Each structure stands twice: as C-alpha cells, then as structure tokens.
Amino acid sequence: MPGSTDSTHTYAAKETNMSDSTPMTAPDQEVLITRVFDAPREEVFKAWTDPDEVAAWYGPEHMDVPREKVRIDLRVGGRWEVTMVQPGGGMEFAIGYEILELVEPELIVMRSDPMPEAGMHEPVVVRVELHDHGAKTRMTLSDGPYPPAGRGHAEAGYNAALDKLAKHLGH
C-alpha cells in the first residue's frame, strides 16, 4: 500500500561502527525508531536532503515548515536548518545541525546546536541510516542523548513527522 509504514521501536543498546564524532548514549536517553517506507532508498534520502522535500513533511502534525525556512548545505561540515511554524502565525521553532557524516544515499549524521530555550543545553546527534529492503527502504533513526523528559517529546515529534513522510512518499 503506497505510503504505508511498518514501525518498530527498540531501546536496546546497539553495536554500530561509530565515528569519534558520535558519542555513545544510554538507551533510555536515545530515541531509536525503525520504519520501512514504500519507496526506493534514493527517494527517502532525497526527502531528508532536498529543501523542497523537507518542507513537505518535516515536523510534527501541528507545525509547518515553509520552504523559505529550510536551508541545507549538503556536505560534511555543512548545515541542515529548518524552522517549524505553527499555522496561523503562532510559535516558531528553529533547529540547526552540523552535518558530520554523509554517504549518499545511505547515511546522514548530524549534531544539533544546543537549544537552551527547549531545555537542551547539550547537542544531540541524529543518525539516519537507509537500507534497501526490496523495493522499499528500511530507515533507522537514532537521536540523543536527551534529558529524561525530552526523549518522549522528541520521539512523539519524530513519529508524527515520519507519518507525514510516509504519506509524502506515497503520493
């Protein structure tokens, strides 16, 4: 079914070949989501890296990402920045990341800017791994470390955004 996803959440520690730029985090401080998208890996990679695509799906359900509020300099050392906007002129929430690792079309690793206004005084590291899964793509996303209260909010936000991504990829 186009746009459908299979979703699994796992909080066990994982063994991965991580670079020095990716700190190890305790499982209870990390968001870890695996989904299978009904789209080829190149399309899912583009959804994460093309500003037009990011604007179409990123953010929780109650937030929009205007295209002019997306800036991506797609290279190691580049920036990935979006501003989520509440429809109707409400709250805005900007997030920015430095791209640490990039292997097209299979890996994006980014370190966030600290966001003290959101209670996050230390950066988090987002790792998006994309694997061919037949004609589909298996995505594993990890993000952390989060303070205990922040992990649930981050996980809920990602799940809402990934639901939007599944619909977007199915159009």
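Tutor: pLDDT is the predictor's confidence in each residue, from 0 to 100, and a contact means heavy atoms within 4.5 Å. This is a predicted model, in which local features need pLDDT of at least 70, side-chain atom pairs count only at pLDDT 80 or more, and totals for chains, interfaces and linings use all residues. Residues are numbered from 1 along each chain as its sequence is written, and side-chain values use heavy atoms, with hydrogens and water left out.

Student: Over which residues does pLDDT stay under 50?

Tutor: The mean pLDDT of the protein chain is 85, and 84% of its residues reach 70 or more. Where pLDDT is low, the predicted coordinates should not be read in detail. That caution applies to a segment for which the model has 53 contacts beyond four places in sequence, namely residues 1-23.

Student: What pattern does the protein chain follow along the sequence?

Tutor: Helices (H or I, at least four residues) and strands (E, at least two) are DSSP runs numbered from the N terminus. The protein chain has 3 helices and 8 strands. In sequence order they give β-β-α-α-β-β-β-β-β-β-α.

Student: Of contacts between residues at least 6 apart in sequence, what percentage join residues at least 24 apart?

Tutor: Buried residues (under 20% relative accessible area, 1.4 Å probe, protein chains only) make up 46% of the 171 residues in the protein chain. For the contacts in question, the share joining residues at least 24 apart is 54%.

Student: Which element gives the most to the lining of the largest pocket?

Tutor: A pocket is an open set of points on a 1 Å grid where a 1.4 Å probe fits, with protein on both sides within 12 Å along at least five of seven lines; lining residues have an atom within 4 Å of a point. Of its 25 lining residues, the closest to the centre are M84, F93, H153, A154 and G157. Two elements give two or more residues, strand 5 (92-103) and helix 3 (148-169), and the most, 7 residues, come from helix 3.

Terms used:
Buried means under 20% relative accessible area, exposed over 50%, partly exposed in between (1.4 Å probe, protein chains only).
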